[in-house]
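This report describes how the elements of the structure shown below are arranged. It takes up one chain, then the other, and ends with the contact between them.

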Amino acid sequence: MPFTSVVTSEWTKLRTVRSTWWCTALYVAVVGAGGWFGAAITQSAPRADFAVGSALTGFGFGQVLVVVLGVLAVTSEFRTGMVLASLTAVPGRGRLLLAKTVVVVAWTVLLTALLCLFCWFAASRLTAVEGGVPLTDPGVLRQLGLQVACAALAGVLAVGLGTLLRSSAGAMGAAIGVMLVLPPVLLISASDQAERLARALPAFRVGDEPFFATATSWQEGLVVLGAWVVASWTLGAVLLARRDV
Amino acid sequence: MLTPVIELRGLTKRYRSRVAVDALTVTVEPGRVTGFLGPNGSGKTTTLRCILGLTRPTEGTATVLGRPYRELPRPMRHVGALIDPRARHPGRTAHAHLLALAQSNALPRDRVDEVIDLVGLEPVAHERVRGFSLGMGQRLGIAAALLGDPDVLLLDEPVNGLDPEGIRWVRELLRALADEGRTVLVSSHLMSEMEDTADHLVVLGRGRLLADVPMADLLGAHSAVRVRSPQAPVLASALQRAGGHVELEIDGALRVEGLDCDQVGDVAFLAGVRVHELGRVTASLEAAYLELTGDDVEYRAAAL
């Protein structure tokens with residue numbers, strides 16, 4: 001059967017449960033409000049990308065909702081037993097997981113891109129920058145592009161951990177632990193070992209900055225996050241293919 | 001010769017310390033309802049899950065239409081399964097649940113409304129499944145199994161939780177599907193349900209195959225002729241000479257095994273014995289089943 005059929009089916013599944021819409025509404029509210037507030041308290045900035053960076057602050061906590069959405073997309077199947085129906089309909093387990101991931105990523109990218117535009121708008125209206133905050137500024141585009149990429153990767157990490165752990169609480173705890181809780185904890189402890197460990201964690205990012213975490217360049221941050229995503233998703237896919245349901 | 005549709009060859013599933021299915025070799029044929037029977041814990045559900053590729057067998061193979069289930073393209077078009085009444089998200093509506101399943105196999109969207117009508121769920125099609133009764137849930141599961149208009153149906157305990165009207169509906173549905181030449185494998189732990197439905201029986205006990213026989217044979221093997229005569233002792237010895245195995249019943253009638261009604265009547269006539277009652281007594285499937293599975297019940301209540 002064509003892969004697009006499986007993607008269509010997964011989209012129907014995602015849009016027909018309330019948790020999706022709760023996560024979506026909260027994501028929009030947290031990021032939107034954070035963006036407006038961040039831009040409002042930043043009266044002026046030396047460069048356009050700094051101004052946009054402040055307006056993206058809401059993503060720091062907002063990405064938790066992407067994680068919840070991604071985890072629930074998988075674990076709700078195991079919790080309810082729906083997975084039996086899903087795998088009977090689509091016995092190719094890798095295909096099913098891939099389709100689910102595509103849908104979560106597409107929805108996350110769409111929402112995040114729209115929210116990024118809103119944050120840029122807030123920065124351009126509320127923060128004074130010499131020369132303004134043009135959307136076409138390479139620094140601005142990099143901030144916004146990185147934000148979309150990081151949120152999408154957070155979604156995939158959530159799907160991977162959900163598949164691996166098959167438990168909503170376990171997967172959300174693990175994802176939020178490594179992305180949001182451990183990075184600042186290690187930052188405070190301030191030993192060399194802690195710093196090395198911290199750099200290996202997939203901390204949430206706000207634009208090109210790590211959120212409450214040891215400072216790393218955006219390139220390094222993307223590589224680390226990408227490695228976690230590949231590892232958790234691949235391991236999840238392998239275990240899904242091997243284990244009984 | 002019918003084409004074998006579901007083939008199990010040496011199917012074995014072991015969990016750490018327990019053998020759930022033990023070297024099961026069975027062929028399920030089309031055009032009839034095959035009852036898949038066994039006490040709780042006898043391995044019926046595990047077998048069905050192995051057929052559907054949900055559980056990986058430790059040894060042996062299970063094929064549907066000649067190949068492993070996982071290799072079927074658009075499996076819902078070939079196989080419809082009701083595996084677990086909980087196999088759905090309680091927050092989704094019946095319609096959304098069926099739509100997602102239909103889309104995954106590129107089935108026409110109209111088919112969703114068709115099966116909803118077929119199982120009689122129109123009034124609640126757009127309500128969330130959370131509030132469904134057990135019976136409504138079973139109907140939804142059967143609707144999902146029928147979505148792809150499949151040639152093979154695997155139904156695990158489909159009448160669980162249904163009211164008498166629902167049970168009759170499922171029976172007639174299974175009958176009709178088998179009469180159309182489809183393969184219907186339906187599991188149950190209740191014999192009485194199967195007696196009017198199944199043509200063929202596969203009986204499991206502790207994961208092992210106990211019987212794979214036509215329903216009539218199983219019942220026939222446990223049936224006898226009952227004959228009542230005022231001259232019972234004379235008739236009994238005549239019947240024994242004719243090769244019958246005769247037992248005296250509580251009310252004075254004779255129970256004869258090994259001869260059919262015609263033979264018993266002829267023997268009585270030749271012996272000049274008057275007969276007041278002559279008939280075939282068919283063992284209930286329940287009795288035949290209990291006899292068969294008696295030693296193979298995994299969970300048994302202690303005698304009071």
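In this predicted model, the domain assignment divides chain B into domain 1, residues 6-212, and domain 2, residues 224-281. The centres of domain 1 and domain 2 of chain B, taken over C-alpha atoms, are separated by 45 Å.

**The six-stranded sheet of chain B**

In chain B, an open sheet is formed by six strands, which follow one another in the order β5-β6-β7-β3-β8-β9 with mixed pairing. Its edges are β5 (79-82) and β9 (208-214) of chain B, each of which pairs on one side only, and from one strand to the next the twist averages 15°. Within this sheet, strand β3 (residues 33-37) of chain B pairs with strand β8 (residues 200-205) of chain B in the parallel sense, over four bridges; B:Phe36 has B:Val202 in β8(B) as its bridge partner.

Two helices lie across strands of chain B. Helix α1 (residues 44-51) of chain B lies across β3, β6 (152-156), β7 (183-188) and β8 of chain B, and runs at about 145° to β6(B). Helix α4 (residues 134-146) of chain B lies across β5 and β6 of chain B, where its direction makes an angle of about 165° with β5(B).

**Pairing around strand β10 of chain B**

Strand β10 (residues 224-228) of chain B runs antiparallel to strand β13 (residues 277-281) of chain B, to which it is joined by five bridges. β10(B) also pairs in the antiparallel sense with strand β12 (residues 254-257) of chain B, over three bridges. Which residues stand opposite B:Val227 in β13(B) and in β12(B)? In β13(B) the residue is B:Leu278, and in β12(B) it is B:Leu254.

| Helix pair | Angle between axes | Axes apart |
|---|---|---|
| α7 (residues 138-165) and α8 (residues 168-189) of chain A | about 135° | 8 Å |
| α6 (residues 93-126) and α7 of chain A | about 150° | 9 Å |

The angle of about 135° between α7(A) and α8(A) makes α7(A) oblique to α8(A), and α7(A) passes α8(A) in a right-handed crossing. Residues of α7(A), among them A:Ala154, A:Leu157 and A:Leu161, meet residues of α8(A) that include A:Gly170, A:Ala171 and A:Met179. The residues of this contact of α7(A) with α8(A) comprise nine nonpolar and two polar, with no charged residue.

By their angle, α6(A) and α7(A) are roughly antiparallel to each other, and their crossing is right-handed. On the α6(A) side the contact includes A:Leu97, A:Lys100, A:Val104 and A:Trp120, and on the α7(A) side it includes A:Val140, A:Leu144, A:Gln147 and A:Thr163. In the contact of α6(A) with α7(A), 14 residues are nonpolar, six are polar and one is charged.

**Contact between the chains**

How many residues of chain B are in contact with chain A? There are 31 residues of chain B in contact with 25 residues of chain A. Helix α2 (residues 94-104) of chain B supplies six residues, the largest share of the side of chain B that touches chain A. By residue class, that side of chain B consists of 16 nonpolar, eight polar and seven charged residues.

Note on methods
Residues are numbered from 1 along each chain as its sequence is written. Chains are lettered from A and ligands numbered from 1 in the order in which they are written. This is a predicted model: local features need pLDDT of at least 70, side-chain atom pairs count only at pLDDT 80 or more; totals for chains, interfaces and linings use all residues. Two residues are in contact if their C-beta atoms, placed from the backbone, lie within 7 Å. Ala, Val, Leu, Ile, Met, Phe, Trp, Tyr, Cys and Pro count as nonpolar, Asp, Glu, Lys and Arg as charged, and the others, Gly among them, as polar. Two strands pair if DSSP finds at least two bridges between them. Axes are lines fitted to C-alpha atoms, for helices over the stretch in contact, and angles run from 0 to 180 degrees between N-to-C directions. Domain bounds come from an automatic or database domain assignment. Angles under 35 degrees count as roughly parallel, over 145 as roughly antiparallel, 65 to 115 as roughly perpendicular and the rest as oblique. A crossing is left-handed if the near helix is turned anticlockwise from the far one by less than a right angle, and right-handed if clockwise.
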